[in-house]
Amino acid sequence: MTSTFTPPGLARFNVLEEHAAFAVLLEACASTAWARRLLAARPYAGPENLYAASDTATAGLTDGDLAEAMAGHPPIGRPKPGDPTSAREQRGMAGASEDLRAEMLDLNLSYQEKFGHVFLICATGRTGEQMRDAVKERIGNAPEREREIVRAELGKINRIRLARIVEEEARA
């Protein structure tokens, strides 16, 4: 049996003017190619259609598109000031000790020096220690392997952010 219910956020997204919908998508993922692909596939019958379109668009990102997407993410442990999304996603670092924060800063810098971009991980639900352990493990990867991990992590982040759009109740 197929459900015909469209969550309020998705219904609103489906009917937004193109420029407004594009802006919403860019807040979820900074890749213009990704946003254009999702925009072109509107309207979405249901959340799974949106998530599948996101997965397909993420898989099709070029290296340049991927770099553009990563540029929209702050380093772990340093959420963008005034950005509730990055603060919420990096909540696991909020109560981290000064030692862990310093270690993450060093690891972030080493990672960025090796790969040329921010360490990207789906931080939602992870502790500071788990994120530290992940960067320690991944810093030894070959660039090609790391790029595929980054793509997979970006896909997870995009799905979480799209779910917030889909589930968003009407704004007053």
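**Exercise 1: a crossing and its contact**

In this predicted model, the crossing of α5 and α9 is left-handed.

Task. Determine how α5 and α9 are oriented to each other, and state which residues make the contact.

Solution. 
1. Helix α5 spans residues 63-70, and its axis crosses that of α9 at roughly 55°. The two axes come within 11 Å.
2. Angles under 35 degrees count as roughly parallel and 65 to 115 as roughly perpendicular, with oblique for the rest; α5 and α9 are therefore oblique to each other.
3. On the α5 side the contact is made by Asp63, Leu66, Ala69 and Met70, and on the α9 side by Arg147, Val150, Arg151 and Leu154.
4. Of the residues in the contact of α5 with α9, five are nonpolar and three are charged, with no polar ones.

**Exercise 2: the packing of α4 on α9**

Task. Determine the orientation of α4 and α9, and describe the contact of α4 with α9 by residue class.

Solution. 
1. Helix α4 (residues 47-59) packs with helix α9 (residues 143-167) at an angle of about 150°, and their axes are 10 Å apart.
2. Angles over 145 degrees count as roughly antiparallel, and α4 and α9 are therefore roughly antiparallel to each other.
3. The crossing in which α4 passes α9 is right-handed.
4. Residues of α4 that meet α9 include Pro47, Leu50, Tyr51 and Asp55; among their counterparts in α9 are Arg151, Leu154, Asn158 and Leu162.
5. By class, the residues of the contact of α4 with α9 comprise nine nonpolar, four polar and four charged.

Terms used: Residues numbered from 1 in each chain as written. Predicted model: local features only at pLDDT ≥ 70, side-chain atom pairs only at ≥ 80, totals over all residues. Heavy atoms only, no water. Axes fitted to C-alpha atoms, helices over the stretch in contact; angles between N-to-C directions. Helix = DSSP H or I, 4+ residues; strand = E, 2+ residues; numbered from the N terminus. Left-handed = near helix turned anticlockwise from the far one by under 90°. Contact = heavy atoms within 4.5 Å. Nonpolar A, V, L, I, M, F, W, Y, C, P; charged D, E, K, R; others polar.
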